[in-house]
Number of protein chains: 2
Amino acid sequence: MNRDPLAHVRDLFDLDDDVVYLDGNSLGAPPKNVAERVQEVVKHQWGSRLIRSWSEGWWEAPERVGNRVGRLVGAAAGQVVVCDSTSVNLFKALMAAVRSTDRSEIVVDAGTFPTDGYIAQSVAELTGLALRPADPDRLDLRDTTAAVLLNHVDYRTGRLLDMAALTEQAHAVGAKVVWDLCHSAGVLPIELDALGVDLAVGCTYKFLNGGPGSPAFIYVPTRAQQGFHQPLTGWTGHQVPFAMQPDYTPDPGVSRARVGTPDILSMLALDAALDVWDQVDLQDVRAKGLALTGHFMDLVRDLPGIEVLTPADEWRGHQVSLRHVRAGALMDALIERNIIGDFRAPDVLRFGFAPLYNTFEDADRAATTLKELL
Amino acid sequence: MNRDPLAHVRDLFDLDDDVVYLDGNSLGAPPKNVAERVQEVVKHQWGSRLIRSWSEGWWEAPERVGNRVGRLVGAAAGQVVVCDSTSVNLFKALMAAVRSTDRSEIVVDAGTFPTDGYIAQSVAELTGLALRPADPDRLDLRDTTAAVLLNHVDYRTGRLLDMAALTEQAHAVGAKVVWDLCHSAGVLPIELDALGVDLAVGCTYKFLNGGPGSPAFIYVPTRAQQGFHQPLTGWTGHQVPFAMQPDYTPDPGVSRARVGTPDILSMLALDAALDVWDQVDLQDVRAKGLALTGHFMDLVRDLPGIEVLTPADEWRGHQVSLRHVRAGALMDALIERNIIGDFRAPDVLRFGFAPLYNTFEDADRAATTLKELL
């Protein structure tokens, strides 16, 4: 492979060359076109067209931008909608997954990002099901398992789970699987449709670069839409929202996952940010991501006091997690030296590599600086 | 009263003088400073500071901007948080209001904005309570009523309800009251604290001019915070979000109403939009709003085929609703002539008067054009 087939893509981002930004797994950097687009939205669409813009593209933006995200996660059009936060979408997905079930438990990856576990706990309490945290290597699914909630990439270690095998495992006992793609969307080709995934959610502000707190997405495959009932029955999920009918009739399609009025500024900033993806192939992104993280791990593996938590094989995302007893102080010192990663208590340093804008020089500079500090 | 004590405030808005914009009850116009602020957020805060901005003001923005909204609705600091959509906040508020109740019904204003009714229906189903729609003039509250959900201003007629009397009515039978302030925030002085309101929600994109789909707010008074438990237990509502604890412990204060990662672009656009309110007194806004709507109603009351739905007395918001058998076609024709109001099926024309930027000339031009069309 060409060492960096995506080198030209970095020019599409607004990045300071003095900074080595390795936190795109937490907040992606802004593509250059976002600032201009947002300006156009504020000044022209909102300022000049005012309320008329709702019928000039705003109303359908959640589905239209959803289709663009869908293309990146293996979902054909009409199955992804962009709305709300990941946590809120998790609530919808889990409530829908266990609705009317006669089964008794929800299983959640024991190392899940906390919000997933909190929401799963809340859903379990509301529905009277039990919540069972389990190691993804030993899920021990049963005919009493209603749904399994899994993180495609572990936020702490960067480990990538086998979506195909685990989806099959869930289906083998008749359980539904909900995948959280926060740390894998934009990292590698995902095949939601092909794998028969039941439901999925994800955020757009990490590797998709949508901006701080940009709206999340939810995937409801066509075959599941008619049976998808979620309790956040806001008016924009109604079949005929502007009829202002007294009773709620959900939209027949994925729009039934919508709730309130869509947040247009952030939605269209995300829309602009997604333009970058029209120019790249996810296979190239994945190849470069593995190369970058592999290169960085090779450089830091033998540093004193460092334990690499991220798998050395291909079962990893684009984040390298290192354990060190003084991780917090080390990350502060790195950031002072313009090497920006992040710290997860109590002892984990995380370095996210975004193949769209990170370079092998970034990896070298980060490793060299870390070595100096140690 | 000086005929227009707020005339100078219009200069703070980016408005085309050829357009008579009377739809601020649906989407407020942008204050001029919003475009520049958003640019600063995208280019500097996101682009240059990147992830560091989370600890340079972003994380606390929901509470900080919440306090600014709180000042406009009579809530002392620490009781309002800006987050999610109105529908999602309604869900939290109603679920919290009826949690652990031994009462059997939720009462909702029968003419409520549909989303309120849909969410109330969903909460009733989840909790096993009955939902009873009732005329706000005959709520017939009982000792079986757990909670009442009321719209401060009716979206269809523009009628303003008596918050003091209705809150007292609810409390007299031991019921909690949840107020939806979507059409009254920024319209008149509201006294949530003084009236002992239990919970309130509202949007920020109408009379507060926060931008299309800008995040909504929720009011949880200090005395109610410890007992406020809502099922959207996202990580940002946790007492120590970054401790990444496996169990959910809600923040002791209003932040327990937060769910997912806050949407910063829209939040800070709203923050900029709120600057306008630092220069105005809500008493002046109210006086001008009543004068504008009164003047407009006087001009159109006797037009052929027109029925004024909005109360002639002071129990109205800043919106005038007119019924006409050809309302849809009339609104289309008005919009073609740059008089922008909106249409609500089947036969209502709505004209919102935003005292911050609408003028008496706006009212004259709208009335004259409507007369010509009739």
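**Exercise 1. Place B:A366 in its chain: which helix holds it, and is it buried or exposed?**

Step 1: find the helix. B:A366 sits in helix 11 of chain B, residues 360-373. Helices here are DSSP runs of H or I with at least four residues, strands are runs of E with at least two, and both are numbered from the N terminus.

Step 2: check the cover. B:A366 has 0% relative accessibility, so it counts as buried. Buried means under 20% relative accessible area, exposed means over 50%, and partly exposed is in between, with a 1.4 Å probe and protein chains only.

Step 3: look for partners. Skip the neighbours within four places in sequence, and B:A366 is in contact with B:L22, B:F296, B:L334 and B:I339. Contact means heavy atoms within 4.5 Å.

Step 4: compare sequence with space. B:L299 is 67 residues from B:A366 in sequence, while their C-alpha atoms are 9.5 Å apart.

A quick word on the ground rules: this is a predicted model, where local features need pLDDT of at least 70, side-chain atom pairs count only at pLDDT 80 or more, and totals for chains, interfaces and linings use all residues. Residues are numbered from 1 along each chain as its sequence is written, chains are lettered from A and ligands numbered from 1 in the order written, and side-chain values use heavy atoms, leaving out hydrogens and water.

**Exercise 2. Now try A:T369: is it buried or exposed, and what is it in contact with?**

Step 1: A:T369 lies in helix 11 of chain A, residues 360-373.

Step 2: its relative accessible area is 11%, so A:T369 is buried.

Step 3: leaving out neighbours within four places in sequence, A:T369 is in contact with A:L334, A:R337 and A:I339.

**Exercise 3. Zoom out to chain A: how many helices and strands does it have, and what percentage of its residues count as buried?**

Step 1: count the elements. Chain A has 11 helices and 13 strands.

Step 2: of its 374 residues, 66% count as buried.

Step 3: take the contacts in chain A with a separation of 6 or more; residues 24 or more positions apart account for 71% of them.
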